[in-house]
Structure formats: structure tokens, C-alpha cells
Amino acid sequence: MKPIEQLIRNDAVQVLASGSKDLSDLKSRHIFITGGTGILGKWLLELINLLNEDNDYGIRVTVLSRNPRSFITLYPRLGAMPWLKLIEGDIRHLSELPHDVSHIIHAAALTDRRLFASQPGNVADVNAFGTLRLLRAANLLEDIRKFVLLSSGLVYGAQPWETAQIDEKFAGPVRSNDVNSVYAESKRFAETIAQCAVSETKLPVVTLRPFAFVGPYQSLQLPWAVTDFIRDSLAGGPIRIMGDGTTVRSIMYASDFAHWVLAATAAGKPRETYNIGSPEPISLISLAESITGHFNPAPSIHTGIGQIGHDRNKLVPDVSLAMKDLGVKVTVPIGEAIRRSVEWHRLSQI
Amino acid sequence: MKIRKLPVAILGTGNIGTDLLIKVMRSETLECVLFAGRNLSSPGMTKASLLGVPVSAKGLRGIIDMAHEISLVFDATSAADHMEHAAVFEKLGIRAIDLTPAKVGRMCVPAVNLDECLDLPNVNMITCGGQASIPLACAIAAANPQVQYIETISTIASRSAGPATRINLDEYLLTTENGLSVFSHCERTKAILNLNPAQPCVHMQTTVMAKVEDPDISATRERVLEMVERIRHYVPGYRLIIEPIAESGRLVTMVGVDGLGDHLPKFAGNLDIINCAAIAYAEAYANRLE
Amino acid sequence: MPDTTQQITVCDATLRDGSHAYSHRITLDQVRAYAAASEAAGFDYLEVGHGNGLGASSLQVGESLVPDDEMLRTAKECLSNTRLSVHVIPGFATIHREIDGAIACGVELFRIGCHCTEADITQRHISHVRAAGLEAWGVLMMSHMAEPEVLLEEAKKMQSYGAQGVVLMDSAGAYFPVDVTAKIGLLEDRLEIPVGFHAHDNLGLSIANSLAALDAGARIIDGTAKGFGAGAGNAPLEILAAVLGKRKFSTRIDLYKALDAGEIAAELFAGSMPESNSITIVSGLAGVFSGFAKPVRRAAEQLGVDPRDVFFELGKRKVVGGQEDLILAVAAELAKKGGIK
């Protein structure tokens with residue numbers, strides 16, 4: 001096994017050994033994953049692979065992807081899994097699902113901030129109406145046991161600075177007559193559409209609101225703080241922070257993220273909404289420092305690059321509900337998450 | 001020798017129409033030459049296009065434009081729409097199978113009155129409970145001409161009852177009761193419908209109970225078994241759960257209906273049985289034209 | 001603590017739920033005698049008819065001795081302050097045949113019920129009653145089978161259709177007080193219309209559960225004289241009257257007359273008063289509709305199986321009210337499997 005594969009396998013073994021509510025409801029089931037070729041999807045496949053190989057779970061997976069051939073080319077090991085079937089398609093034109101699908105993990109969405117600016121109408125279409133299409137197809141299944149909707153921590157709008165963590169009951173303002181709200185609003189509407197299906201046909205929907213995460217398989221082309229910092233550090237720096245670096249985030253490691261999603265698929269309570277993320281706050285400046293610390297010489301960090309007067313902001317979830325209902329915990333602290341992510345990206349560059 | 005198949009159209013591209021499409025495509029005597037509706041991007045339209053079936057988003061107009069190429073149309077729209085469509089089909093000389101509750105044409109239960117319906121321009125498929133219960137009621141009435149009262153109870157999965165069914169429960173009950181009376185010649189009838197939300201979904205079950213003085217159980221049994229076999233020719237998932245018995249002063253028999261799981265889920269035997277009946281009629285019509 | 005200055009509406013379901021206990025053979029003389037007693041006791045509503053409500057006389061559930069309209073007209077003649085109500089289940093009863101018929105008989109309140117997850121089938125029936133200028137409530141039956149949030153959603157549907165009250169029925173007598181508190185409490189908190197509870201005594205908790213409902217904010221409470229109702233019976237009205245008085249809830253009840261009404265019912269329906277037995281207990285444990293007790297006993301006897309096994313199997317299959325036909329199927333299956341006593 002290549003070192004880069006060993007790294008992921010070790011992560012997967014460790015996170016599954018950390019325990020959670022029983023995943024055994026997933027044994028011999030057929031899981032349909034949309035957006036299965038993104039970072040979450042790949043990690044779900046890694047965990048399921050381990051469950052199937054080492055624990056005889058017998059889970060079958062069908063992944064809907066807009067470009068399965070490129071996935072197979074880029075990730076031949078994952079693409080060749082015997083229990084995995086990749087089908088090509090756009091969620092907006094989906095007409096039906098394999099009839100024996102029992103669990104759906106709906107992770108497909110346009111999440112690239114650049115698209116929010118250049119193609120906001122497409123973002124609304126894929127994220128909201130793609131969800132509607134999938135829910136309708138799910139209603140024709142023989143025995144649908146769980147429909148897991150991946151929403152977003154951004155549905156909360158702005159977190160008040162004085163609030164340490166936001167829980168699932170929090171509802172912040174999102175400006176509806178603003179194109180910059182398109183992602184948050186598309187996710188909010190997707191959540192509402194899912195609740196319509198719950199009300200109309202009692203579809204067992206579990207809503208997840210993920211926050212920020214980091215880890216292997218993450219594209220460094222996404223303009224997020226953590227990916228920016230890693231990419232710039234790999235390039236020798238410097239890291240550039242627009243504000244003063246006091247903006248606060250929390251970042252979860254990818255294996256934990258996928259494990260929590262899998263636990264929600266098995267044990268999430270229908271109708272319930274769970275925050276998924278790390279409850280541990282970290283300022284952008286500390287985050288940048290924890291990344292540069294893995295490089296020698298350490299790239300420099302420049303703050304205050306942008307215009308002054310932009311408010312610092314904060315996005316940290318309260319995840320006690322998920323921990324209680326799903327029996328999960330954060331197994332990889334932020335420092336270790338950064339170390340492993342940097343190592344993987346280094347190895348993948350070789 | 002290749003037999004020319006009967007060219008049919010399906011009007012209405014919802015779940016019923018889409019399920020019919022799969023059944024038509026499997027048929028040895030039918031060929032779907034047009035799948036017509038209003039929304040070209042609906043899941044049914046997507047599926048039909050992927051299957052290579054000609055589609056039209058012009059609804060009734062699509063049928064009219066191709067009238068000379070269509071012998072029969074399945075109308076899976078709504079009762080209000082079918083009221084308008086029926087006259088158009090008749091004028092165009094297109095045989096119409098009405099899957100809505102419009103009740104324009106003669107009620108047809110293939111196991112009971114297929115032959116007498118084959119010369120009619122328009123036939124109606126009654127209700128799911130009607131398709132399941134009327135043949136049993138006829139069998140009971142044939143074995144027991146003195147029957148005083150017939151009742152049918154159907155239980156279906158909540159998920160198989162869409163908004164139109166839910167809002168039209170009264171029409172379902174009255175149409176089913178009327179069907180029972182007309183076919184069994186028993187004046188007093190009653191229909192009951194239960195929705196059961198259990199997960200996994202329950203499969204459709206239909207019970208027929210009758211009030212009969214001195215019922216002839218063995219004759220009833222014989223007639224019912226024979227009828228069930230006849231239905232199984234076109235509804236393979238129709239099965240006897242309770243053979244006719246006399247219990248607490250009533251004659252009781254019960255069937256289950258498993259759907260074929262073509263487009264609709266298998267538990268929706270209530271939706272499947274109507275589609276199967278419609279296909280049985282269309283195939284009989286095609287065979288007669290042979 | 002609940003606000004005891006608010007008026008509690010007390011519904012007397014003796015001549016409707018009791019129909020189950022009496023194999024639907026209640027006579028007009030019994031209707032007259034009991035309606036007068038109910039009126040005197042000061043109950044707010046008297047519900048009359050077949051156990052499963054309007055149009056439910058059937059081979060499936062049991063045939064009524066007296067047609068709906070005769071029972072309703074007779075009861076109406078005996079009532080002045082106590083208003084006449086009926087139970088209606090869409091799927092049994094239709095608007096034009098049964099509801100319009102009952103309107104003509106002078107029914108003032110229609111309690112439109114359905115299995116607790118299917119509220120949308122009540123839309124047209126509730127709307128019709130309201131359009132006729134009469135009172136309509138929603139009733140969520142077998143409500144032990146759904147989570148509080150589901151019940152709230154279904155109750156809200158009924159509220160949006162125009163229901164002026166919503167009643168949770170513990171049709172199987174399967175609730176514990178803690179369930180009542182959670183469910184009634186949530187509905188009371190989130191609905192604009194008053195909330196009620198209808199108890200059954202299968203696990204001996206009908207009064208405890210009724211009290212839990214009132215303490216959680218219920219404004220409507222159901223009961224029957226001496227518990228005359230399906231299965232192990234309902235919350236006995238004469239005991240409810242005593243408890244409500246002692247707890248200083250505000251009602252129209254005359255305690256002595258309520259106690260008398262209990263005695264009158266016991267005489268009228270002597271020999272058929274419900275009692276706790278192994279079948280009613282198991283019915284509550286299995287969460288199966290109390291009204292199944294008699295047909296289960298019959299079917300079990302005919303097919304030689306243990307009626308308790310039949311109940312547990314029905315519970316496993318999550319049957320809803322109205323699925324009496326499944327009793328025979330289950331009993332026959334158990335007999336085939338060799339479950340013979």
C-alpha cells in the first residue's frame with residue numbers, strides 16, 4: 001500500500017474504532033450518494049470500504065456523478081470497488097433511483113464560492129430544485145429508511161460575536177433580496193423542501209448542517225481560508241489574511257466529518273436537524289500559524305491586507321445534539337487535523 | 001413472423017403514466033408511439049426520452065397531431081381533463097381507456113366483463129378497490145344468488161395515496177360501491193378505505209364480506225378460486241389471503257395485491273392493479289384486431 | 001400549574017364509544033334514558049352513534065341495531081344544554097350521505113377523526129361542516145403511534161382546515177402519563193385551538209392520563225359513564241367529575257348528577273360494562289385499537305388460537321383502526337403455524 005493510501009486507511013480505522021451509535025442498520029443496505037465524488041463522498045467511500053472489507057457489512061453504494069469517468073481516472077482504487085456503482089447524471093434531471101435503495105445521502109450541491117458570483121441562478125437550481133427532484137424520486141422507493149440532507153452551517157446567517165456557539169434552534173438573518181445570499185438561501189429552501197416531503201409523505205429526512213472541514217481529498221482550489229493557507233504554504237508563502245485575523249472558525253477533520261454523516265445515516269432521528277463540525281473555535285491567525293508551523297522555513301503571515309472596517313465574524317457550532325443522538329465525538333483535534341492534511345497534500349504532490 | 005403491434009399513446013406523464021409506459025414496452029402486442037404531457041422536464045418525460053419513446057409536451061394536442069397513427073390512448077390525467085378529452089378521442093376514432101375517475105365510459109373489470117367492453121369507444125377502470133373487489137363480489141353473488149349485502153374493505157399504504165386520492169376519498173367510496181352493485185347485481189353495498197402509514201409500507205389488501213343466508217361455501221370457494229386465477233393472468237401479484245369462510249354470520253374472503261414494481265413501488269398494488277387492468281384491456285383489443 | 005379558571009369542556013362519549021362494548025346494539029330506549037342523564041349531569045357534549053362513527057355500521061366493524069339518524073334524532077330530543085356530537089372517519093363516512101344526514105338530525109359538533117398521521121384526509125369534511133355553520137374538531141386516533149412533532153404537524157393541518165379543537169385519542173389505551181404530558185404539552189403550546197384528550201383504560205391509567213392532559217393544558221376532556229367504551233373502557237366520567245371538582249377545574253358538571261349518570265349507565269348496559277382482563281391488557285401493551293377486543297376474541301375462538309398472540313401479532317403489523325379484517329388473516333396464519341392452544 002502506498003504511504004498516501006496507508007495514511008487514509010489509518011485515519012479510517014481510527015475513526016471507526018472511536019465508536020458511535022450502531023452502524024449496523026446499514027448492513028446489507030443500498031446507499032445512494034449524490035455528490036459522492038467530492039471530499040465527503042470519497043471519505044464516505046473509504047469508511048464504507050473498511051466496513052465492508054473488515055466487518056462484512058455488505059453495503060452497496062450507488063454514486064450519482066456528473067463525471068464518473070474522470071473520477072475513475074483520478075481515483076482508480078476507489079473507482080474499482082466491487083460494491084460501488086457510479087452512474088452519470090445531473091440531479092436536476094434524475095428520473096428514478098434503483099428500487100432497492102434504502103438510504104440516501106444527498107451531498108450534491110454547488111459549493112464553490114466563485115460560482116455563487118458567476119452563476120448564482122445555477123446554484124439556486126441545483127441546490128434547491130435538485131433536492132426537490134431527488135425527494136420525489138425517493139418517494140417511489142420500496143423501503144426508504146433514511147434521507148440525509150447535507151445542508152450548511154451558513155443557513156444560520158450571521159453568528160453574533162458574543163455567542164460562543166450556535167445550536168440548531170438559532171436563526172440568524174439572511175437577506176433575501178441579495179444575490180450574495182444565494183448559497184445560504186438555496187440551502188435554506190432545500191431544507192424547507194425536505195420538510196414538505198416529511199409532512200406530505202413522512203419521508204424519514206435527517207438534516208445535517210456541516211461547518212468547515214479540512215483533510216485529504218480536499219481540493220486546494222477552493223477559496224476557503226484553510227485551503228488557501230495550505231496551498232499558499234505549499235507554494236512557499238506568504239499567507240495573506242484580509243482582516244486582522246481575529247475572525248473565528250472551527251474546523252473538523254474529514255474522517256470525523258464522514259463518520260458523523262455515516263452515523264446520522266444509520267442512527268439520525270427522522271425530522272431532526274444536526275450541526276456537524278468541530279465545536280472548538282480557532283482564530284484565522286492561529287489557524288495560519290498552525291499551518292505554517294509544519295513548514296521549514298515557515299511561510300510568513302500577512303494580516304490586514306484588505307480594507308479596514310470589515311467586521312470580524314464567527315462561525316462555531318454547538319454539536320451537543322449530534323454527539324448525544326449519534327454517539328459521536330471529535331477524534332482528531334485541530335492541530336492533528338492540520339498536520340495530517342499537510343502531510344497528505346505533500347505526499348499527493350509527489 | 002413479426003406481428004405488427006397496436007400503436008398506443010399515453011396521455012399524462014405522472015407516476016401512473018410512467019408505470020403504464022413500462023408495461024406497454026414489455027407488451028408483445030402494444031407499442032407506445034407517443035408519451036404526451038405538459039412538462040418536458042418531468043421525471044416521466046425524462047425516463048421516456050431515455051427509453052427512446054417519442055414524447056410531446058403539447059398534451060392533448062400532441063395526440064391530435066398524430067391521431068392517424070394512434071389506435072388507443074391511455075388517459076392518466078385527471079377526471080376534469082378526461083371529460084374534455086373523451087369527446088375528442090371519440091371523434092378521432094381513438095379507443096380510450098380512462099384511468100381517471102371521470103366515469104365517461106362503461107366500467108371495465110377485465111376478469112368480469114372484458115368481452116362486452118371491446119366494442120365500446122371508451123372504458124373506465126373504476127377504482128383500485130373496485131378492480132380488486134368486484135371480481136370477488138361477482139364470484140360470491142354467482143354462487144349465492146340470495147346475497148343481501150356486499151361490503152369491501154381495502155387497506156393501502158399511506159405513501160401510495162397521493163394528494164388526489166386523499167382529497168377524493170368520498171368519490172372513491174361511492175364509485176366503488178356503485179361498481180360493486182352494478183357488477184354483482186346486489187343492491188346494498190358498502191366500501192371502506194383505510195390508509196396505513198406503517199414502515200416498511202403495507203401491500204394493498206382487500207377484503208370482501210357478504211351477508212348471505214345459508215351460504216354455499218364450497219360453491220363460493222370454487223368460484224372465488226377460479227376468479228383469482230383469471231385475475232392472476234393480468235395481475236400476477238393478486239393472491240388469496242383468506243379463502244371464503246363463514247364467520248360470525250358473514251361470508252369473508254381476502255386478497256393481497258403486490259404491484260409489479262415497474263415504476264411504482266411493489267407495495268402500491270392499488271395503483272398497479274388499475275394499470276394492469278388497463279393493459280389487459282388494451283392487449284385484448286389488440287388481439288381482436290389481429 | 002394549569003390555569004383552573006379556564007372552563008374545561010367535558011365530552012361524554014358513552015353512547016358512541018360504548019357502542020363497541022355493546023356490539024353496536026344500543027337501543028333507542030337506552031339512548032333516551034342515558035341522554036337525559038348526561039344532560040342532567042351537565043356534560044358539554046354527548047356523542048352518539050356507531051363506535052367508529054357515522055356510516056361505520058358494517059360487517060367489518062359490526063352492524064348497528066339502530067341506524068345513525070334514528071339514534072341522533074332520538075338523542076337530540078332529549079338534549080337542551082348538552083350539545084349533540086358525532087364521530088366521523090373519512091373512509092367510512094362521506095360528506096353528502098352521512099354528514100349532511102347528521103346535520104339534518106341536528107348534530108352540533110362533528111369530530112372528524114383519522115389515523116394520527118393522515119390528517120389531510122379530513123380537509124374536505126372539516127371544511128364542509130364549517131361551511132354549514134357548524135362546529136368541527138379534528139381527532140387524531142391511535143395517537144400513541146406517532147411522535148409529538150408528528151402529531152403537532154397533523155394537528156396544525158386540521159387547524160388550517162378550520163377545526164375549532166383537536167383531540168388526541170389514546171385508542172389503544174397505550175399511553176403513560178409522561179407521554180400525555182409531552183404530546184398534549186407540545187400541542188397546547190403550539191396550536192391556537194383548544195386541545196383535548198380521550199383516554200382508554202387498558203393499562204389502568206385512564207384517569208391518571210386524563211389528569212396529566214389537563215395539567216399539561218388540555219381544555220377538552222373525554223370520558224364515558226362508568227368507562228362504558230371499547231376494550232377496558234374509557235376514563236369513567238363520574239370519577240373525572242370528582243377529580244375535576246377536587247382540583248377546582250371549572251366545568252358545568254353537577255357532581256351528584258354525574259354520579260347518578262354512572263349508575264344509570266351501569267343499569268342500562270348491565271352485563272356489558274367493560275372490565276380489565278388479559279385481552280384488554282395485552283391490547284394496551286401491543287398498542288392495538290381497543291375496539292378489536294371482541295372481534296379478536298371471536299376469531300381466536302373460531303380458529304383455536306390464543307387471542308393474546310393475535311393482539312401481539314397485530315401490534316407488530318402496526319394495524320390501524322378500521323383494519324378489523326386483518327384479525328381473521330392473522331388468526332388464520334397463527335393457526336396454520338401451529339399456535340393452537
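Reader: In chain B, how many bridges join strand β8 to β9(B)?

Author: In this predicted model, strand β8 of chain B covers residues 149-157 and runs parallel to β9(B).

Reader: Which strands stand at the edges of the five-stranded open sheet of chain B, and why is one side of each left without a neighbour?

Author: The strand order in this open sheet of chain B is β9-β8-β10-β12-β11, with mixed pairing, and the twist from one strand to the next averages 15 degrees. A strand with a single partner has one side left without a neighbour in the sheet, and so the edges are the two strands β9 (188-196) and β11 (238-247) of chain B.

Reader: Which element gives the most to the side of chain B that touches chain C?

Author: Between these chains, 28 residues of chain B are in contact with 25 residues of chain C. The elements of chain B that give two or more residues to this side include β8, α8, β10 (204-211) and β12 (250-257), and the residues of the side divide into 15 nonpolar, six polar and seven charged. With six residues, the element that gives the most is β9(B).

Reader: How many residues does chain B bring to its contact with chain A?

Author: On the side of chain A that touches chain B, the residues divide into three nonpolar, five polar and five charged. Chain A brings 13 residues to the contact, and the number from chain B is 15.

Reader: How far apart do the C-alpha centres of domain 1 and domain 2 of chain B lie?

Author: The domain assignment of chain B places domain 1 at 6-104 and domain 2 at 128-268. Their contact takes seven residues from domain 1 of chain B and six residues from domain 2 of chain B, and the side belonging to domain 1 has two nonpolar, two polar and three charged residues. The C-alpha centres of the two domains lie apart by 28 Å.

Reader: In the seven-stranded sheet of chain A, which residue is the bridge partner of Thr34(A) in β4(A)?

Author: This open sheet has the order β3-β2-β1-β4-β5-β6-β11 in chain A and parallel pairing, and its edge strands are β3 (84-88) and β11 (273-276) of chain A. Within the sheet, four bridges join strand β1 (residues 30-34) to strand β4 (residues 103-106) of chain A. In β4(A), the bridge partner of Thr34(A) is His106(A).

Reader: At about what angle to β4(A) does helix α6 of chain A run?

Author: Helix α6 of chain A, residues 120-138, lies across β1, β4 and β5 (146-150) of chain A. To β4(A), this helix runs at about 180 degrees.

Reader: Which residue just after α6(C) takes a positive phi?

Author: Helix α6 of chain C has 14 residues and reaches 20 Å from its first C-alpha to its last, close to the 20 Å expected. Its buried residues include Val150(C), Leu151(C) and Met158(C), and what covers the buried residues of α6(C) includes α5 (123-131) and β5 (135-141) of chain C. Just after the helix, the residue with a positive phi of about 115 degrees is Gly162(C).

Definitions and conventions:
Residues numbered from 1 in each chain as written. Chains lettered and ligands numbered in written order. Predicted model: local features only at pLDDT ≥ 70, side-chain atom pairs only at ≥ 80, totals over all residues. Contact = placed C-beta atoms within 7 Å. Nonpolar A, V, L, I, M, F, W, Y, C, P; charged D, E, K, R; others polar. Pairing = 2+ DSSP bridges. Axes fitted to C-alpha atoms, helices over the stretch in contact; angles between N-to-C directions. Domains from an automatic or database assignment. Expected span 1.5 Å × (residues − 1). Buried ≥ 20, exposed ≤ 12 C-beta atoms within 10 Å, placed from the backbone.
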